[in-house]
Amino acid sequence: MYRWYENSERCYSYLHDVHESAIPDDRDEKRFPESHGWPKWFSRGWTLQELVAPKVDHFFNKEWDPIGDKSSLSSALTKITRIPANILADGLSSKQPSVAQIISWAADRRTTREEDRAYSLLGLLGVHMPMLYGEGKNAFRRLQLEIIRKSNDHSIFAWGHTRTTGCSGSFLADDPSYFRDCSKVERMERKEFIASVRGDIPEELSDVPEERLRTFSVTNDGIQIWLPLIPCRRAVSVSEARLACRSYDSQPITIILAHFQSIYFRYFGHFKAPVHAIPQFQQTFLPYQDERCQREFIFELDVQMLSHEGFVQHVVFPDDVVLTDNSITLSGTNDCAVIVFEREEDNTRFALVEAPDTPGLMMNAIPGRTPIYELCVDSFTTPFILAGPGSNVKIGDYGRFRRDGTFERKGNISDLAAELDMDVTLDPVQHEVCQEYNDAEEGGKSIKVSSRNGTIVLRDATSWSLPHNADVTSLLKSLSPYLSDSHLVTIVVRCSECYHRQHTPPTIWADYAGEATREAQLPFPIPLYPRPVRRKLKTTTPLYTVMTPLSWCEEGVNEETWMWFNEIRHNFYVLVNVADGNRESASRSLMGLFGGRLFNDFIGNITFFEELPMIAGNLTSMEIDKGGNNAALDLQYQ
């Protein structure tokens, strides 16, 4: 059919819902509610090829009055369809767009039969495959596999590259709407791709056989492809992959890969690469069957008390998440939900979300001036501080920070609970430390972790933390009258022995005999990289993390925290139509801040609102249920 349109001398397009002699300049949701605010012709799947293929296409309104042709209406058509003007004028032969860009034109189009969303793209993509009505979404998956068999365009994997939440067990999209953010995606040739990453990738990458960059294939174990991967700072099981395609600038588009038990998953979130990470060119097998991530997770919410207080459900976001009979269903694609309740009598609204299952809501208490040692624990990077000489820090120790940034221990919550006749047992939970390396000087496998003050080398390191259960949460809340404004040791690292390597001052130089001397005493300056000074630390618990339970907070909130909270509150107001603003922008901001920031367990343990504790403090306009897993933000406004 595409060839039929392409070979025609002229085509005529009838816009049955346009009464004027011009195409609308702006989106009008009220006038065209079922077609995204534009005439319905532009929302139909099969009309896409009717627009692109013919050389001449004349448009008519409801009264069959002429509106114009593709040439005269190119500016308006580009605005509506996101199709570049040169494609409208000269067709696909002028400049072959990327696969992702072509599919993005169909992102907002619908067809009567689900399979036709894929079949209507066959001619545009130059793909031949049989039409099997009844296969549903599998038609679009087959289309992508056929594209991979005939093309080496990496943009087929670029769908959703701007998303910040969610995960997928398949590296193929479910339908064309997943490519909505790909209207500017372009292919990159091999030389251009290599040149764009040459500064980060070793020189030997340029010697990689060309077929590895140009070919990828479909196998029974997944899509076999070679990609440059960079490990994530926060999780060794997560990597950033660079694709040979770009959007807006010259840098390659990146996607995030996560692997669990040798199986790869697509992860959407914020990526932090190590400062000096070097990409590794690796072969991967990307699954194209999403059998695992189709699982749904049902959460039962106890909101009976809200009705007694006069609150009713106001809105649930995203729109495709439904709250039915006090239960909400989330999945890999919708891994976060905001439920807003309203009480009309005093104009009070608040949002209900799931908080992480942690021992009470806490926020980071380590001062900015204190050197941080980042260690990978259970595949996630955790900040630690160095214990003082001879100190024996224990889980559950509490105290405060001195002005010089050192932690001053005051006691332990277990001892305090015993004095108050509280029967609580704290059994620490062991975690895996993931940064082993072979150190010839230390004589075996060790852990090496660095900060601006030097490097710590640990032998036989293990990590331990407070247990995550209701008893600990209740204990922290009960101790709040005694430990206000105190900080708590929640994680420690133990080892058999440890060493601190600190660099000598840069003003020291070396002469030929290797003895230290001043630069002025040398016949000519010989620069010397700082030589490490190695000393053994007299402790078996050298590293620990300090947090502040919110139930212990009494100090005021700084200006930055107030600004952060006000921004969050404004975004909530936009979602509930109290304040003016862009709902889509507000929702993206909230999802980026709360949902999917930390994908904790690729089996299905979805983490919600990990950073909620960071914004709390002692806000009079915020109330938090510190004893459970639900947190409520009171958004009452004056």
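What percentage of the 638 residues in the protein chain is buried? Buried residues, meaning those under 20% relative accessible area with a 1.4 Å probe and protein chains only, make up 51%.

This is a predicted model, in which local features need pLDDT of at least 70 and side-chain atom pairs count only at pLDDT 80 or more, while totals for chains, interfaces and linings use all residues. Residues are numbered from 1 along each chain as its sequence is written, and side-chain values use heavy atoms, without hydrogens and water.

Next, select residues 57-60, which form strand S2. Strands S1, S2 and S3 make an open sheet in that order, with mixed pairing; two strands pair if DSSP finds at least two bridges between them. The edge strands are S1 (11-14) and S3 (66-69). S2 and S3 pair in the antiparallel sense over 3 bridges, and Phe 59 has Gly 68 in S3 as its bridge partner.

Now select Phe 179. This residue is among those touching the most other members of the largest nonpolar core, which holds 67 residues. Such a core is a set of buried Ala, Val, Leu, Ile, Met, Phe, Trp, Tyr and Cys residues joined through side-chain atoms within 4.5 Å. Helix H8 (residues 138-150) gives the most to this core, with 6 residues.

Finally, select Ala 387, Val 393, Val 472 and Val 492, which are included in a second, separate core of 26 residues.

Definitions and conventions. Helix = DSSP H or I, 4+ residues; strand = E, 2+ residues; numbered from the N terminus. Buried < 20%, exposed > 50% of the residue type's maximum accessible area, 1.4 Å probe, protein only.
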